[in-house]
Amino acid sequence: MTNPVSALIRRLRGQADGAAGSGTGTPEHHDKPIVFVKELSPRARRHLMRHFLALEEKDRLLRFGSKLSDEMVARYVEHIDFDRDTVFGVYDRRLRLLGVGHLAFAPKETTRISGATIKPVVAEFGVSVSAAARGLGVGTRLFMRAAMRCRNADVDTLYMHCLSSNKVMMHIAKKAGMEIHRDYGEADAYLKIKPANSATMFQEAMEEQVAMLDYIVKANFKALLKWGVRVTGIGAAKKDAGPPPPP
Ligand SMILES: CC(C)(COP(=O)(O)OP(=O)(O)OC[C@H]1O[C@@H](n2cnc3c(N)ncnc32)[C@H](O)[C@@H]1OP(=O)(O)O)[C@@H](O)C(=O)NCCC(=O)NCCS
């Protein structure tokens, strides 16, 4: 049976995407779980560290363009500028990050696509999803959320740099209508984003509220479980065992 809250969220997302045009051309699959994307604050650095350190070597290469050591990953996380950039995350029920999208804003002259826009700033997007949570739409949702943020921030060019052998990311990029330029096994993909309107503003505000609510419910549930374990002792040994549950 369909969860009524999920059905409502899907309907609202569908209406907003339809009325406003998400600018990504990536409709949500109804057979995949509903994914809530939350904007992260500096307080999430510990969660971010855990997420990135759990990525296998080959995934770090795909995500960062080079094989970063644990120390370099830690440095990257410590240096994320939450005032300038926006970081999005998808949490599981145990408040572990299943997916992270980093939207970095930079003056266009400092990027490889300075000719793609007349706006002073472009956005670069990097994304990763935990191995056990792939194929559920988390990466796509993070991408769509980043595109919406660009749209509402008056940034009309969303840029991604990835290996052209990265079939999954290429699929997401093409599905979103991104223009892809290939060069020596690497690919620069960028998406032109439509201007904002009241529907996109409303949709973003709604998405953030719902994601915040989802986070609070998960946090309270986790605290309740912890209390239950402390009081009864049941499940104490199983703490953090096994793959992450779905979002
Ligand atoms: C790329 C990545 C973020 C995708 O995350 P995800 O949550 O699995 O992505 P989604 O579930 O939203 O979408 C995956 C899509 O790829 C498709 N796909 C899966 N394997 C594929 C393949 N071998 N070739 C083409 N498409 C493929 C899926 O069918 C799905 O498409 P659909 O939504 O149209 O059905 C994840 O694989 C990852 O973290 N990879 C390592 C880091 C990385 O590559 N980052 C990107 C560079 S910045």
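User: Which residue in strand 7 stands opposite cysteine 162?

Analyst: Cysteine 162 stands opposite alanine 187. This is a predicted model, in which local features need pLDDT of at least 70, side-chain atom pairs count only at pLDDT 80 or more, and totals for chains, interfaces and linings use all residues. Residues are numbered from 1 along each chain as its sequence is written.

User: What makes strand 5 and strand 7 a pair?

Analyst: Strands are DSSP runs of E with at least two residues, helices are runs of H or I with at least four, and both are numbered from the N terminus. Two strands pair if DSSP finds at least two bridges between them. Strand 5 and strand 7 (residues 186-192) have seven bridges, in the antiparallel sense, and therefore pass this cut-off.

User: How many bridges join strand 4 and strand 5?

Analyst: Two bridges, in the parallel sense. Alanine 123 has leucine 158 of strand 5 as its bridge partner.

User: What is the handedness of the unit made by strand 4, helix 5 and strand 5?

Analyst: The β-α-β unit is right-handed. The term means that, with the strands pointing away from the viewer, the path from the first strand over the helix to the second runs clockwise.

User: Why is strand 5 called largely enclosed?

Analyst: A residue is buried if 20 or more other C-beta atoms lie within 10 Å of its own, exposed if 12 or fewer, and partly exposed in between, with C-beta atoms placed from the backbone. Five of the seven residues of strand 5 are buried, so the rest of the structure largely encloses this strand.

User: Is histidine 171 buried or exposed?

Analyst: Histidine 171, in helix 6, has 12 C-beta neighbours inside 10 Å and therefore counts as exposed.

User: Where does aspartate 154 lie?

Analyst: Aspartate 154 is in the loop between helix 5 and strand 5. Its phi is also positive, near 60°. With 12 other C-beta atoms within 10 Å, aspartate 154 is exposed.

User: How many residues surround the ligand?

Analyst: The shell holds 24 residues, and Leu62, Arg134, Gly139, Thr140 and Lys167 are the closest. A residue is near a molecule if its C-beta atom, placed from the backbone, lies within 6 Å of it. Helix 6 gives the largest share, six residues.
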